[in-house]
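Try each task before reading its solution.

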Amino acid sequence: MTTYYYVLASQRFLLEEEPFEEVLKERTRNYQEQEKQIDFWLVLQPAFLEVPEMAAVKAKCPQPSVAVISTNPQFITWLKLRLEYVVTGEFQAPSEKIPDPLASLAPVS
């Protein structure tokens, strides 16, 4: 299993009120320059929040939510310091309860 770290926020806050697209573009460019493999993902309505152990975390965040999930804890800490109204945490996957760490409950358009 792998440990995944996340920053969780409301979609409205992260995708509409914050200039978050620029942050992701800059981080992606930085990774490409360093020839580093991408280790973060943006997940709309993350499915990992549906497991019973995450009920308290889900309750803290206005819905619909969005998560930035990463295997890099330093990146998540950096995001937490940059953004104010977010929840952070971690989980192990794949597991019986979380078979796909990047699964989304958002309808496919």
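**Exercise 1.** In which strand is the place of Leu 42? Then decide how Leu 42 is classed by accessibility.

*Solution.* Keep in mind that this is a predicted model. Start with the position: Leu 42 belongs to strand 2. Next, take its relative accessibility, which is 38%. Buried would need under 20% and exposed over 50%. Leu 42 therefore counts as partly exposed.

**Exercise 2.** Work out the strand order of the open sheet, and find which strands are at its edges.

*Solution.* The sheet has four strands, and their order is 2-3-1-4 with antiparallel pairing. Now read off the ends: strand 2 (40-44) and strand 4 (87-93) are the edge strands, each pairing on one side only. From one strand to the next, the twist averages 25°.

**Exercise 3.** How many bridges join strand 1 to strand 3, and which residue is the bridge partner of Ala 9?

*Solution.* Strand 1 covers residues 2-10 and strand 3 covers residues 65-70; the two run antiparallel and are joined by six bridges. For Ala 9, the partner in strand 3 is Val 66.

**Exercise 4.** Which strands does helix 2 touch, and which does helix 4 lie across?

*Solution.* Take helix 2 (residues 20-33) to begin: packing on the sheet, this helix touches strand 2 and strand 3, and its direction makes about 150° with that of strand 2. Then turn to helix 4 (residues 73-82), which lies across strand 1, strand 2, strand 3 and strand 4. Helix 4 runs at about 15° to strand 1.

Technical notes: Residues are numbered from 1 along each chain as its sequence is written. This is a predicted model: local features need pLDDT of at least 70, side-chain atom pairs count only at pLDDT 80 or more; totals for chains, interfaces and linings use all residues. Side-chain values use heavy atoms; hydrogens and water are left out. Two strands pair if DSSP finds at least two bridges between them. Axes are lines fitted to C-alpha atoms, for helices over the stretch in contact, and angles run from 0 to 180 degrees between N-to-C directions. Contact means heavy atoms within 4.5 Å. Buried means under 20% relative accessible area, exposed over 50%, partly exposed in between (1.4 Å probe, protein chains only).
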